[in-house]
Amino acid sequence: MGQQHDDEEREFDIKWADGAEHKEPSARARMLAARWKENPPGPVPFRAEPEGVGPRRSSWVSTVIVLGSVAAVVVLLGWVNFRAPY
């Protein structure tokens, strides 16, 4: 009986809390509201560029690097197999 009574009481408390008209903001929300009241944040663009990122390579440079690496591996493996005595 004790476990069922505790579950019912907990369920009642959750329903009662969810049905409240006014919900108190979290501690973080209160802290940010107080900070922003004195010093509001500036506008932030959607998907802002991360700080400190160098210039991006173009896609063709990346493609050349990948294909060059694959070709070098193929040539190296062919050279190793050619030199290997049978």
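I count helices as DSSP runs of H or I with at least four residues and strands as runs of E with at least two, numbered from the N terminus. The model is predicted, so I keep local features only at pLDDT of at least 70 and side-chain atom pairs at pLDDT 80 or more, while totals for chains, interfaces and linings use all residues. Residues are numbered from 1 along each chain as its sequence is written, and side-chain values use heavy atoms, with hydrogens and water left out.

Entry 1, the fold. I found three helices and zero strands in the chain. From the N terminus on, the order reads α-α-α.

I get about 8,900 Å² of accessible surface for the chain (Shrake-Rupley, 1.4 Å probe; for residues, only the protein chains shown count as cover). Carbon and sulfur atoms hold 62% of that area. Of the 86 residues, 1% count as buried (under 20% relative accessible area; exposed is over 50%, partly exposed in between).

Helix H1 spans residues 2-18 and holds Glu9. Glu9 is partly exposed at a relative accessible area of 43%. Asp6, Asp7, Glu8, Glu9 and Asp13 form a surface patch of negative charge. Such a patch takes residues with over 30% relative accessible area and no salt bridge, like charges being joined within 9 Å and nonpolar side chains (Val, Leu, Ile, Met, Phe, Trp, Tyr) within 5 Å. A salt bridge is a side-chain nitrogen of Lys or Arg within 4 Å of a carboxyl oxygen of Asp or Glu.

I looked up Arg30, which sits in helix H2 (residues 27-38). Arg30 is partly exposed, with a relative accessible area of 40%. Leaving aside residues up to four places away in sequence, Arg30 touches Glu24 and Pro25 (heavy atoms within 4.5 Å).

Val66 belongs to helix H3, residues 59-83. With Val70 and Val74, Val66 makes a nonpolar surface patch of about 260 Å².

How values were computed
Lys and Arg count as positive and Asp and Glu as negative; His and the chain ends are not counted. The place of a charge is taken as NZ of Lys, CZ of Arg, CG of Asp or CD of Glu. Buried means under 20% relative accessible area, exposed over 50%, partly exposed in between (1.4 Å probe, protein chains only).
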